[in-house]
Amino acid sequence: MERSQKDIAIRLLTTREQFAEAVELQRTIWGFAELDLLPVRLFIVASKVGGHAFGAFDENKMVAFCLAIPGLKPGGVFYLHSHMLGVLEEYRNYGLGRRLKLAQRDDALERGVDLIEWTFDPLELKNAFFNIERLGAVVRRFVFNQYGVTPSVFQGSLPTDRCIAEWQIASPRVSGLLNGTPVERPLPVEKIEVPNAVGDWKRSDPARARETQAHISSLFDKYLSQGLAVTGFERGETSSSYLLSPWPSN
């Protein structure tokens with residue numbers, strides 16, 4: 001039977017059994033080795049100390065999940081670090097990533113938290129578009145090889161270079177994008193162009209993927225160190241572009 005978004009419920013995860021399902025999803029979605037799995041005990045601790053975990057359920061089957069842990073910035077600013085979000089391949093056109101992010105946002109706002117952050121691979125262009133254009137996150141920081149080289153098939157044995165998405169969930173930028181209201185955008189002064197085929201190169205041509213990654217990462221490091229931020233993302237036929245603009249430091 002054809003499923004729809006309405007058939008899939010988003011629920012807060014609270015039990016060991018639910019957390020164990022989320023661990024199994026990590027194996028299925030990313031093919032993680034045992035050492036790379038986030039264990040049940042981390043879900044338990046996160047849920048008890050100010051984080052949260054949500055699951056998407058097709059009837060009684062968990063088909064997606066997300067996990068956030070609490071963070072503290074210099075100056076005593078609390079935020080949530082959204083550490084992991086995964087969706088089974090056959091459910092990736094149901095809008096579940098957005099629904100899970102909105103559940104995170106609602107829960108954070110109810111608790112007086114107005115910032116959620118996470119990392120993402122700048123070579124994964126579909127994720128980049130979603131994070132920047134659909135959710136309204138900006139990128140001001142970049143980290144080389146954040147997690148070390150992992151066995152995930154999605155990473156293709158490349159270093160885990162990562163952008164850090166900052167999602168100011170109470171800001172006019174984010175509220176406007178989520179509500180469909182036109183948002184005033186800063187004018188871009190630089191752009192970083194990425195070939196659309198780079199995701200395929202991770203599997204078919206690792207050397208080419210690594211060369212492309214090294215070039216893209218060097219540009220992120222250069223422009224972000226100049227005080228620019230990624231504030232937009234443009235999709236093109238053969239390549240897509242990160243758009244960078246001046247952005248307040250606070």
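Q: What makes Ile132, Glu133 and Arg134 in α4 count as meeting residues of α5?
A: In this predicted model, these three residues meet Arg173, Leu177 and Leu178 of α5, and contact here means heavy atoms within 4.5 Å. By kind, the residues of this contact divide into three nonpolar, no polar and three charged.

Q: Why are α4 and α5 called roughly perpendicular to each other?
A: Helix α4 (residues 125-134) and helix α5 (residues 172-179) pack at an angle of about 105 degrees, and their axes are 9 Å apart. Angles of 65 to 115 degrees count as roughly perpendicular, and α4 and α5 are therefore given that description.

Q: Why are α1 and α2 called oblique to each other?
A: The axes of helix α1 (residues 16-30) and helix α2 (residues 40-48) cross at roughly 125 degrees and come within 8 Å. Roughly perpendicular covers 65 to 115 degrees, and roughly antiparallel needs over 145. The pair α1 and α2 is therefore oblique. As for handedness, the crossing of α1 and α2 is right-handed.

Q: Which residues make the contact of α1 with α2, and how do they divide by kind?
A: From α1 come Arg16, Phe19, Ala20, Ala22, Val23 and Gln26, while α2 brings Val40, Phe43, Ile44 and Ser47. Seven of the contact residues are nonpolar, two are polar and one is charged. Phe counts as nonpolar and Arg as charged.

Q: What makes the phi of glutamate 59 worth a look?
A: Glutamate 59 has a positive phi of about 60 degrees, although it is not a glycine. Most residues other than glycine have a negative phi. You will find glutamate 59 in the loop between β2 (52-58) and β3 (61-73).

Q: What makes β5 and β6 pairing partners of β7?
A: Two strands pair if there are at least two bridges between them. Strand β5 (residues 115-120) is joined to β7 by six bridges, and strand β6 (residues 138-143) is joined to β7 by five. Both β5 and β6 run antiparallel to β7. Glutamate 166 of β7 is the bridge partner of glutamate 117 and also of valine 138.

Q: Why is strand β10 called largely enclosed by the rest of the structure?
A: Seven of the eight residues of β10 (residues 239-246) are buried, so the strand is described as largely enclosed.

Q: How do you know that β8 and β9 pair with β10?
A: Again, at least two bridges are needed. Strand β8 (residues 190-195) and β10 pair over six bridges in the antiparallel sense, with valine 194 bridged to serine 240 of β10. Strand β9 (residues 228-235) and β10 are also antiparallel, over seven bridges. There, leucine 228 has proline 246 of β10 as its bridge partner. A hairpin of three residues joins β9 to β10.

Key:
Residues are numbered from 1 along each chain as its sequence is written. This is a predicted model: local features need pLDDT of at least 70, side-chain atom pairs count only at pLDDT 80 or more; totals for chains, interfaces and linings use all residues. Side-chain values use heavy atoms; hydrogens and water are left out. Helices (H or I, at least four residues) and strands (E, at least two) are DSSP runs, numbered from the N terminus. Axes are lines fitted to C-alpha atoms, for helices over the stretch in contact, and angles run from 0 to 180 degrees between N-to-C directions. Angles under 35 degrees count as roughly parallel, over 145 as roughly antiparallel, 65 to 115 as roughly perpendicular and the rest as oblique. A crossing is left-handed if the near helix is turned anticlockwise from the far one by less than a right angle, and right-handed if clockwise. Buried means under 20% relative accessible area, exposed over 50%, partly exposed in between (1.4 Å probe, protein chains only).
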